[in-house]
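Here is a short tour of one protein model. Look at the sequence and the structure below, then read on for its pockets, cavity, sheet and helix packing.

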Amino acid sequence: MTRHKTVDVSVDAMLDDLRTLVEIESPSRDPEALAASAKAVAAVIENRLGGRATLVQSEAGPHVHWSAGGEPKVLILGHHDTVFPLGTLERRPFRVADGHATGPGVFDMLGGLVQAVHGLATLDDRSGVEILMTADEEVGSRSSRALLEERALACGAVLVLEGAADGGGLKTGRKGCGTFHVSITGRASHAGLEPAAGVNALIEASHQVLDIAALGRPDVGTTVTPTVASAGTLDNVVPAEATVVVDIRVESADEKERVESAFAALAPHLDEATIAVRGSISRPPMPESASAELFAVARRLLPGLEGKAVGGGSDGNFTAALGVPTLDGLGAVGGGAHADHEFLVIGAMAERANLVAGLVHAVQHA
């Protein structure tokens with residue numbers, strides 16, 4: 001296997017492109033904003049790599065797909081939607097200071113996109129390379145899943161541009177994750193005049209929260225966390241309705257099945273209360289075996305690089321579940337994803353750009 005030769009990339013040029021993308025806000029579920037963002041992403045790709053990027057329309061907003069042509073060999077996968085609402089940029093504009101770039105989406109994950117594009121630009125041969133930047137990863141990838149799975153299977157290897165793990169490590173495994181909504185129906189009555197005539201949905205919800213929390217098995221990596229609850233209408237009315245939202249993380253397919261079955265079997269404690277459950281563990285686990293081969297290549301390119309299994313999910317969960325070799329966390333080094341202190345480490349940008357280029361070259365010549 002021929003080895004990719006590290007080439008200097010311009011950090012200033014990367015920061016210019018990053019500023020362009022950050023300053024076009026791209027909140028999930030805002031198709032108009034995402035349409036503007038997709039055009040900007042396509043322009044950055046075309047300006048640096050040539051060819052034409054295709055905007056794949058969807059109900060969520062446009063996904064951006066670019067292909068260098070030739071037999072598909074490697075998919076560079078990411079997303080251009082962010083979690084921040086319109087107006088965040090005014091409060092927290094793009095800035096470069098003290099070795100960090102800050103602004104909405106710099107770490108998750110516009111920085112990774114920019115680094116990858118500039119890394120690919122150093123390759124004389126980009127045949128077999130595809131880029132897919134989706135518009136709905138932050139909200140479950142419902143409109144993009146079929147497309148990203150199709151391209152992953154066609155290419156046979158996936159490099160995911162999510163931000164690096166703590167300390168700059170790659171993400172070699174991810175938990176499966178999902179959300180369940182538990183709706184409880186009771187019966188309203190006057191809390192003072194006829195409290196016994198009601199069926200208290202809040203009390204039933206309290207029983208359910210305890211039952212649900214007991215499903216967690218931290219010893220095998222399963223966390224079951226009630227996160228949002230609501231009940232009642234007025235302080236003198238026995239509540240007739242309540243809802244509980246639950247976050248789930250699992251490391252194995254067996255645990256996915258166990259937890260989903262347990263939610264389906266939830267039963268009321270109070271006579272005449274009823275329960276309805278919707279949801280699933282929508283992102284399957286990404287086992288570390290899915291990344292082993294590509295991670296070994298990354299370690300040869302960058303000795304000392306660490307790999308970490310993490311709790312958060314990404315589109316890499318979907319591609320790994322298909323049996324496609326998948327390596328995640330190849331994006332920006334930094335932190336503060338989804339938070340106001342989000343930042344990107346400028347000093348790591350060139351190294352990460354070259355890491356992506358080296359991995360692509362290795363896959364091309366395997």
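Nine nonpolar, one polar and three charged residues make up the lining of the second largest pocket. The model is predicted. Two helices each supply at least two lining residues: helix 8 (292–301) and helix 10 (349–364). Helix 8 provides the largest share, four residues.

Now turn to the largest pocket. Its volume is about 890 Å³. The lining has 33 residues, and closest to the centre are Glu137, Glu138, Gly140, Cys177 and Arg283. Five elements are listed as giving two or more residues to this lining: helix 4 (106–120), strand 8 (170–174), strand 9 (176–185), strand 13 (241–250) and strand 14 (274–283). Strand 14 gives the most, with five residues. By class, the lining of the largest pocket has six nonpolar, 14 polar and 13 charged residues.

The model also has one cavity of 30 Å³ or more. The volume of the largest cavity is about 50 Å³. Its lining is formed by Val22, Ile24, Glu25, Ser26, Thr82, Phe84, Pro85, Thr88 and Pro104. Five of these residues are nonpolar, three are polar and one is charged.

| Space | Volume | Lining by class |
|---|---|---|
| Largest pocket | about 890 Å³ | six nonpolar, 14 polar, 13 charged |
| Largest cavity | about 50 Å³ | five nonpolar, three polar, one charged |

Two packed helices are described by the angle between their axes and the distance between the axes. How do helix 1 (residues 11–22) and helix 10 pack, and at what angle? The angle is about 90°, and the axes are 10 Å apart. Angles of 65 to 115 degrees count as roughly perpendicular, so helix 1 is roughly perpendicular to helix 10. On the helix 1 side, the contact uses Val11, Met14 and Leu15. On the helix 10 side, Met349, Ala350 and Ala353 take part. By class, this contact has six nonpolar residues, no polar residues and no charged residues.

Four strands form an open sheet in the order 4-5-18-17, with antiparallel pairing. Which strands stand at the edges? They are strand 4 (95–97) and strand 17 (334–335). Each has a single partner strand, so one side of each is left without a neighbour in the sheet. Strand 4 pairs with strand 5 (residues 100–102) in the antiparallel sense, over three bridges.

The loop between strand 4 and strand 5 holds aspartate 98. Phi of aspartate 98 is near 55°, a positive value in a residue other than glycine. The other detail is a cis peptide bond. Which residues does the cis peptide bond join? They are aspartate 108 and methionine 109, with omega about -5°. Methionine 109 lies in helix 4, and helix 4 is among the elements that give two or more residues to the lining of the largest pocket.

Notes:
Residues are numbered from 1 along each chain as its sequence is written. This is a predicted model: local features need pLDDT of at least 70, side-chain atom pairs count only at pLDDT 80 or more; totals for chains, interfaces and linings use all residues. Side-chain values use heavy atoms; hydrogens and water are left out. On a 1 Å grid over the protein atoms alone, a cavity is a set of points where a 1.4 Å probe fits but cannot get out, and a pocket is an open set with protein on both sides within 12 Å along at least five of seven lines; lining residues have an atom within 4 Å of a point. Grid points are joined across faces, edges and corners, and a volume is the space filled by probe spheres set on the points. Ala, Val, Leu, Ile, Met, Phe, Trp, Tyr, Cys and Pro count as nonpolar, Asp, Glu, Lys and Arg as charged, and the others, Gly among them, as polar. Two strands pair if DSSP finds at least two bridges between them. Axes are lines fitted to C-alpha atoms, for helices over the stretch in contact, and angles run from 0 to 180 degrees between N-to-C directions. Angles under 35 degrees count as roughly parallel, over 145 as roughly antiparallel, 65 to 115 as roughly perpendicular and the rest as oblique. Contact means heavy atoms within 4.5 Å.
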